[in-house]
Amino acid sequence: RYLMLVGVGIGVTPFASILKDIKTKLSAQAQGAVQSEFIPVQKVFFYWIAQDKGSFEWFSDLINSIERENINAFFEFNIFMTGAISPNEIRAIMIEEGVGELENGRPRSFHDQITGLRTKTNFGKPKWDEIFQRMSTEYPNQKVGV
């Protein structure tokens, strides 16, 4: 019923087609598609782990499009960067975060400065023990596929 997908480094490539397929079927389902197009899971947790900022660039467009159309919060994205960022990148992030709190008089929508996504980037490796504990607590007696 719940699916955890974990992509690391260049190993994230196969997930592009998997996520596109799920997104397409979810959209069809929302528009009243036939039963054969239904998705057999209730929620997808996607963990994307990469070493540097550049690794996020090519795949971010797909994630961004899914975030925009995330029907009923079906997808939960968890992004981790394991490598260091330069002092210049840190400075640019701090400036971007601090400047322009309002855009055209309204609060600016949040976009992560590392990936450009709505999902914030976590630094370091995922704490899998905590993640699996959270899953077992939030979804007791449920089957979670990894």
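In this predicted model, F59 touches V12, F15, A16, L19, F46 and W48, with residues up to four places away in sequence not counted. F59 belongs to helix α2. Its relative accessibility is 1%, so F59 counts as buried.

The chain as a whole has 146 residues, and 34% of them are buried. Four helices and seven strands are found. From the N terminus, the order of elements is β-α-β-α-β-α-β-β-β-α-β. Contacts between residues at least 6 apart in sequence were also examined. Of these, 74% join residues at least 24 apart. The accessible surface of the chain is about 9100 Å². Carbon and sulfur atoms account for 53% of that surface.

Strand β2 covers residues 43-50. Eight of its eight residues are buried, so β2 is largely enclosed by the rest of the structure. K43, F45, Y47 and I49 point one way from the strand. V44, F46, W48 and A50 point the other way. Strand β1, residues 2-8, pairs with β2 in the parallel sense over seven bridges. Within this pairing, Y2 has K43 of β2 as its bridge partner. Strand β3, residues 75-81, also pairs with β2 in the parallel sense, over seven bridges. Here F45 stands opposite E76, and Y47 stands opposite N78. Helix α2 spans residues 57-68 and forms a right-handed β-α-β unit with β2 and β3.

Strand β3 is covered as well. Seven of its seven residues are buried, so β3 is largely enclosed by the rest of the structure. F75, F77, I79 and M81 lie on one side of the strand.

N78 is a residue of β3. At a relative accessibility of 13%, below the 20% cut-off, N78 counts as buried. Neighbours within four places in sequence aside, N78 is in contact with F46, Y47, W48 and T119.

Aromatic rings were examined next. The search of the whole structure finds eleven aromatic pairs. In one of them, the ring centres of F46 and F77 are 6.2 Å apart and the planes stand at 80 degrees, so this pair is edge-to-face. F46 lies in β2 and F77 in β3, so the pair ties together parts that are 31 residues apart in sequence. Both F46 and F77 are buried. For F74 and F75, the centres are 5.3 Å apart and the planes are at 75 degrees, so this pair is edge-to-face. F74 and F75 are both buried. Ring pairs also link residues into a cluster, made up of F15, F46, W48, F59, F74, F75 and F77.

The largest nonpolar core has 25 residues. Those with the most contacts inside it are L19, F46, W48, F59, I63, F74 and F75. The elements that give two or more residues to this core are α1 (13-30), β2, α2 and β3. Helix α1 gives the most, with five residues. For I63, contacts other than those with neighbours within four places in sequence are made with L19, F46, W48, F77 and L117. A second, separate core has nine residues, among them F45, Y47, I49 and I131. F45, Y47 and I49 are three of the residues that point one way from β2. F46 and W48, which point the other way, are among the residues with the most contacts inside the largest core.

Terms used
Residues are numbered from 1 along each chain as its sequence is written. This is a predicted model: local features need pLDDT of at least 70, side-chain atom pairs count only at pLDDT 80 or more; totals for chains, interfaces and linings use all residues. Side-chain values use heavy atoms; hydrogens and water are left out. Buried means under 20% relative accessible area, exposed over 50%, partly exposed in between (1.4 Å probe, protein chains only). Two strands pair if DSSP finds at least two bridges between them. A crossover is right-handed if, with the strands pointing away from the viewer, the path from the first strand over the helix to the second runs clockwise. Rings of Phe, Tyr and Trp (its six-membered ring) pair if their centres lie within 6.5 Å; planes under 30 degrees apart count as stacked, over 60 as edge-to-face and the rest as tilted. A nonpolar core is a set of buried Ala, Val, Leu, Ile, Met, Phe, Trp, Tyr and Cys residues joined through side-chain atoms within 4.5 Å. Contact means heavy atoms within 4.5 Å. Accessible areas come from the Shrake-Rupley method with a 1.4 Å probe; for residues, only the protein chains shown count as cover.
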